[in-house]
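Trainee: I have a structure to look at, and I would like to learn how to read it. Could you take me through it step by step?

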Amino acid sequence: MKRMPLVSAAAAALLLAGCGAESPEAEGLDPAAPVAVSVAETAGVPSAYLNYGVQQGFFEEEGLDVTVDVSAGGAAAVPGLMSGGLQLAGSNTVSALLAVEKGLPITMVAPGTFGSETEGEDFSAVLVAENSDIREPADLAGSTIAVNTLENIGDVTISAALEEHGVDPASVEFVEIGFPDMIPALERGQIDAAWEIEPFVTIGAESGARPVLWPYVEARPGLMVGSFLATREYREQNPEVIEAFRNGLEATAASVAEDPDAFRAALPELARVTPEVAGSMTLPQWKSEIDVESLEFIEEQMREHGLISEPVDVETVVAD
C-alpha cells in the first residue's frame with residue numbers, strides 16, 4: 001500500500017520491552033502524600049476516560065496525583081516517555097510493538113481501549129462523504145484514506161479488514177491527517193475516506209458522513225487497541241506507582257461500566273463535545289487484563305504488511 005504524509009499529526013515510535021531485572025514488591029502508596037505522575041493519552045474518548053477517572057478521585061484514592069497530557073497518539077507520546085517528561089503513556093498496540101522492535105526500553109503495564117464484538121457498534125469507523133460513490137468496503141479499492149498516523153493502528157486494522165472483504169490493501173493510499181481535521185478534508189474532497197475514532201465518528205455522522213468499514217471489529221472482534229506504557233527502568237523502580245495506576249484504571253472501568261450515563265454526562269467538558277454527541281456516541285470497552293492474543297494478532301499483521309521485519313515476542317512486551 002502507498003503511504004504519504006498530508007497533514008502531519010504525530011511522529012516517532014513507541015514502546016515496550018520485556019521484564020529485565022526483578023522488581024521490588026509493591027507496598028502501596030499513601031493517599032495523604034500522593035505521587036505526581038504525568039500520563040499522556042490520545043485525544044478524544046481515550047483521554048476523556050482517563051480524565052474522568054482523575055475527576056472521580058479513583059487515582060487519588062490510590063495515592064497518585066495524575067496529570068493527563070493529551071497527545072496526538074502513542075507515537076507522539078514516546079519521546080516524552082523516553083526523556084522522563086512523562087511517567088506513563090497511552091499508546092495503541094502497533095506503536096508499542098514498533099518501539100519494541102526498535103529496541104526502546106519500554107514495557108506495557110496496562111490495557112487501554114478495546115473494540116467491540118459487534119460490527120456497526122464500534123468506536124472507530126472509516127467514513128465517506130454523504131454524496132460519495134463509495135457504498136461498501138469493496139468500493140474503497142483505489143481510494144485515499146486519511147489516518148491520524150501513518151504505519152500505525154489505523155492502516156494496519158484497515159488493511160486487515162479490507163482483506164476480509166477481498167480488497168487488496170496495496171490499492172489504497174493512506175495519508176496522514178489529525179482526527180479533528182479529517183471531516184473538513186473529506187467535505188472538501190481532499191480525501192476519499194477518513195478513519196475516525198469517537199467522538200469524531202459521531203461528529204462526522206452529524207455532518208452527513210457515512211460509515212463503510214469498521215476496522216477494529218472487522219479485523220478482529222474484541223480487539224485490544226490501546227495500552228499504557230512505561231520505561232522498563234521506571235516500572236522496575238516504581239512498582240507501587242504502576243500497581244496504583246492499574247488499580248485506578250480498574251476502578252474507572254468499573255465505574256463507566258456500572259453507570260455509563262454519568263460518564264456521558266461528563267464528556268461535554270472532558271472531550272469538548274455537545275451533549276447530543278456525548279449521548280449518542282459509541283463508547284469503547286475497557287478491561288483490566290492485557291489481551292496477549294490481540295497483541296499476537298497485531299504483531300502478525302504488522303509483519304504481513306511490512307511494518308516490522310523481524311518477529312516480536314509479545315510475551316516479553318507485557319510487564320508482570
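Predicted model: local features only at pLDDT ≥ 70, side-chain atom pairs only at ≥ 80, totals over all residues.

Trainee: Which parts of the chain belong to domain 1 and domain 2?

Mentor: The domain assignment gives residues 35-115 + 223-317 to domain 1, and residues 124-219 to domain 2. Notice that domain 1 is written as two stretches of the chain. Taken over C-alpha atoms, the centres of the two domains are 23 Å apart.

Trainee: How many residues of domain 1 are in contact with domain 2? And which lose the most area to it?

Mentor: On the domain 1 side, 26 residues are in contact with 18 residues of domain 2. Val277, His305 and Leu307 lose the most area in domain 1, and together they make up 22% of what that side buries.

Trainee: Now to spaces inside the protein. How many cavities of 30 Å³ or more does a search of the whole structure find?

Mentor: A cavity is a space where a probe fits but cannot get out. The search finds one of 30 Å³ or more here, and about 230 Å³ of space lies in the largest cavity.

Trainee: Which residues lie nearest the centre of the largest cavity?

Mentor: Thr42, Asn92, Ile153, Tyr216 and Val225 do, out of 24 lining residues. Both domains take part: domain 1 and domain 2 each give at least three residues to the lining. Among the elements that supply at least two residues are strand S2 (35-42), helix H4 and strand S10 (193-197), while strand S4 gives the most, with three. By class, the lining has nine nonpolar, 14 polar and one charged residues.

Trainee: What about the largest pocket: how much space lies in it?

Mentor: A pocket, unlike a cavity, is an open space. The largest pocket holds about 270 Å³. It has 19 lining residues, and Val109, Pro111, Arg246, Ser288 and Glu289 are the closest to its centre. Two elements give two or more residues to that lining, strand S5 (106-111) and helix H9 (239-258). The largest share, six residues, comes from H9. Sorted by class, the pocket lining has 10 nonpolar, three polar and six charged residues.

Trainee: Can we finish with a single residue? Is Phe179 buried or exposed?

Mentor: Use the cut-off again: Phe179 has 6% relative accessibility, so it counts as buried. Phe179 sits in helix H5, which covers residues 179-187. Leaving aside neighbours within four places in sequence, Phe179 is in contact with Asn148, Trp195, Glu196, Ile197 and Phe200.

Key:
Residues numbered from 1 in each chain as written. Heavy atoms only, no water. 1 Å grid on protein atoms, 1.4 Å probe; cavity = no way out; pocket = protein on both sides within 12 Å on 5 of 7 lines; lining within 4 Å. Points joined across faces, edges and corners; volume = space filled by probe spheres on them. Helix = DSSP H or I, 4+ residues; strand = E, 2+ residues; numbered from the N terminus. Nonpolar A, V, L, I, M, F, W, Y, C, P; charged D, E, K, R; others polar. Buried < 20%, exposed > 50% of the residue type's maximum accessible area, 1.4 Å probe, protein only. Contact = heavy atoms within 4.5 Å. Domains from an automatic or database assignment. Buried area = accessible area lost by both parts, 1.4 Å probe.
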